[in-house]
Amino acid sequence: MREAQLGRGIIFGDRNTNEYVYMPASEIGMEHPLYVYEEGSARRDIDLNEALHLIRVRDLRPTIHPLLGRTSC
């Protein structure tokens, strides 16, 4: 379910800790898309397995990103 939500551009995060995981719009439709993990002002590319792991371990939920809004599309 989370994988499908990421594929639709849903942003997972925690506004209290300023952490976000999402797939950039430019990656939608790619065979092996990259995802983004933001923590504070740091940002790095991650793969799907790491994205799903971070969402689960950090208990990130669909949220509103301060710049992108509800989706990355």
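**Close-up views of a predicted model**

D59 is partly exposed in this predicted model, with a relative accessible area of 42%.

**View 1. D59 in a salt bridge with R61.** The closest N and O atoms of R61 and D59 are 2.9 Å apart, and the two residues form a salt bridge. D59 belongs to the loop that runs between α2 (48-57) and β5 (61-62). Its phi is near 55 degrees, a positive value although D59 is not a glycine.

**View 2. The salt bridge between R58 and E19.** This pair is one of three salt bridges in the structure. Here the closest N and O atoms are 2.9 Å apart. R58 sits in the loop between α2 and β5 and E19 in strand β2, so the pair ties together parts that are 39 residues apart in sequence. R58 is partly exposed at 39% relative accessibility, whereas E19 is buried at 7%.

**View 3. The salt bridge between E50 and R44.** The closest N and O atoms of E50 and R44 are 2.9 Å apart. E50 is partly exposed, with a relative accessible area of 27%; R44 is also partly exposed, at 39%.

**View 4. E27, a buried residue without a salt bridge.** E27 lies in the loop between β2 (19-22) and β3 (35-39). The nearest side chain of opposite charge, that of R43, is 9.0 Å away. Beyond its neighbours within four places in sequence, E27 is in contact with H32, P33 and L34.

**View 5. N18, with a positive phi.** N18 is not a glycine, yet its phi is about 60 degrees. The residue lies in the loop between β1 (12-14) and β2, and N18 counts as partly exposed at 31% relative accessibility.

How values were computed:
Residues are numbered from 1 along each chain as its sequence is written. This is a predicted model: local features need pLDDT of at least 70, side-chain atom pairs count only at pLDDT 80 or more; totals for chains, interfaces and linings use all residues. Side-chain values use heavy atoms; hydrogens and water are left out. Helices (H or I, at least four residues) and strands (E, at least two) are DSSP runs, numbered from the N terminus. Buried means under 20% relative accessible area, exposed over 50%, partly exposed in between (1.4 Å probe, protein chains only). Lys and Arg count as positive and Asp and Glu as negative; His and the chain ends are not counted. A salt bridge is a side-chain nitrogen of Lys or Arg within 4 Å of a carboxyl oxygen of Asp or Glu. Contact means heavy atoms within 4.5 Å.
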